[in-house]
Amino acid sequence: MMKKNKKRITTVFLFLLLVLVVVGGYHVLKKEEASGRSFESALTLNVSDEKVVEKLPGAGESVYYKLELDRESLFSYKIEGDLKRGLELALYNQDRELLLDKRFTEAYGAESKGNQWEVYLAEGSYYVLFSAEKPVKKETYSYAAKVTPVPKSEQEPNNTEKKAQSLKVGGKVTGCLNITDRVDLYHFQLKESKNVRITLNTKASDGLAVSLFKGSKCVEQEETEGTYVYEGSLKKGTYYIKLEGKYSDSTGTYALLIEESKTETETEKETEKETDKETETETETETEAETAPKDRKGITIELRSAVCLKVGETLLLSAEIKPEESKKDLTLKWSTTDSTIVSVKNGSIKGIAPGSGVIEVTEADGAAAYCVVLVVE
């Protein structure tokens, strides 16, 4: 009888032990599921641009976040905390392939720019990984993430010669190079020889490499971090413009304009006419001579490359003129490609209806800048 009781007690004990193991394992799994310590248990990244406080990972540990994008966007990330022991932020695609990473090795405050990270991403799923090499002093860190849709008129895909987007002389296009699509191609056709001006404005990180070619012949190849201008006589035929990020993590927006330019003879004639007019003005009065137009060669205009507005919302665009002394007596002309979507008056833009448009600001001698505007509900 005692043997039977002992056997029952042993069975009950083993059963209870098994229950404890199963329940304990379940709670461990649930804790792991909510911990963000793996790709499978990744936390949802807050992209409201509000500061979020999280517990710092231990030495050799990581915190995983998942980011979902329904359109091409600018992803901005800012982090604060005691980072002297070495922390790393990494970005992976949905296949868990590393796209890029950044190491933080200093203590950053709220006003520091060294703790900010921006990259343009295509539509899709991503993982953001935050890891620590060594233990850190503080138990928490804070981050603020933001996603801004990219307004553009570029037609994807256009990363090969066969898929190159067609442009006409006199046409404009706004586009974006993101971390997984770092090449854009455009082509235009000339039915006869013409003087052509190609203008590219970009704010891509680290700049872009620009190539103009016809068949296997390279006409022009340059690198730019701001404004690029090619002006020259091109023969009849089909030409391609290739835009490519200088480095593997070079991303950003751009505005491309192709237009027919004046010949040297036409320019010389206009210069002679202007010179004659200035001479006539100088002979009239000394006062008028003092107020005659000044030579404005070398003027550049800088403008925000892209902005997002809600319907009914207004925003004042500020055009930066260089050199500074050129601002005096300078007249800027503002225009919009579609006033039914976005209007502009003296730099003040207003969202009219959902869609996208391009704001252009120019001055008399040809300097220009462009801003792509996306209007949403």
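This note goes through confidence, sheets, aromatic pairs and salt bridges in a predicted model.

1. Basis. Residues are numbered from 1 along each chain as its sequence is written, and side-chain values use heavy atoms, with hydrogens and water left out. Because the model is predicted, local features need pLDDT of at least 70 and side-chain atom pairs count only at pLDDT 80 or more, while totals for chains, interfaces and linings use all residues.

2. Confidence. The protein chain has an average pLDDT (the predictor's confidence in each residue, from 0 to 100) of 77, and 71% of the residues score at least 70.

3. Four-stranded sheet. An open sheet of 4 strands has the order β11-β18-β13-β16, with antiparallel pairing; two strands pair if DSSP finds at least two bridges between them. The edges are β11 (172–177) and β16 (227–234), each with a single partner strand, so one side of each has no neighbour in the sheet. Strand β13 (residues 194–202) is joined to β16 by 8 bridges, and I198 has Y230 as its bridge partner in β16.

4. Five-stranded sheet. A further open sheet holds 5 strands in the order β10-β12-β17-β14-β15, and its pairing is mixed. Here β10 (165–166) and β15 (217–224) stand at the edges with a single partner strand each, so one side of each is left without a neighbour. Within this sheet, β14 (residues 208–214) and β17 (residues 237–245) pair in the antiparallel sense over 6 bridges. F213 stands opposite Y240 in β17.

5. Aromatic pairs. The structure holds 7 aromatic pairs; rings of Phe, Tyr and Trp (its six-membered ring) pair if their centres lie within 6.5 Å, and planes under 30 degrees apart count as stacked, over 60 as edge-to-face and the rest as tilted. Y186 and Y254 have ring centres 6.4 Å apart and planes at 80 degrees, so this pair is edge-to-face. Y186 is in β12 and Y254 in β18 (residues 252–260), so the pair ties together parts 68 residues apart in sequence. F188 and Y239 are stacked, at 5.6 Å centre to centre and 15 degrees between the planes. F188 belongs to β12 and Y239 to β17, so this pair ties together parts 51 residues apart. Both F188 and Y239 are buried, as are Y186 and Y254; buried means under 20% relative accessible area, exposed over 50%, and partly exposed in between (1.4 Å probe, protein chains only).

6. Salt bridges. The whole structure has 12 salt bridges, each a side-chain nitrogen of Lys or Arg within 4 Å of a carboxyl oxygen of Asp or Glu. In the one between E72 and K152, the closest N and O atoms are 2.4 Å apart. E72 lies in the loop between β3 (62–69) and β4 (73–80), and K152 in the loop between β9 (140–149) and β10, 80 residues apart. E72 counts as buried, at 11% relative accessibility. E72 and K152 also belong to a network of salt bridges with E154 and E156.

Conventions. Helix = DSSP H or I, 4+ residues; strand = E, 2+ residues; numbered from the N terminus.
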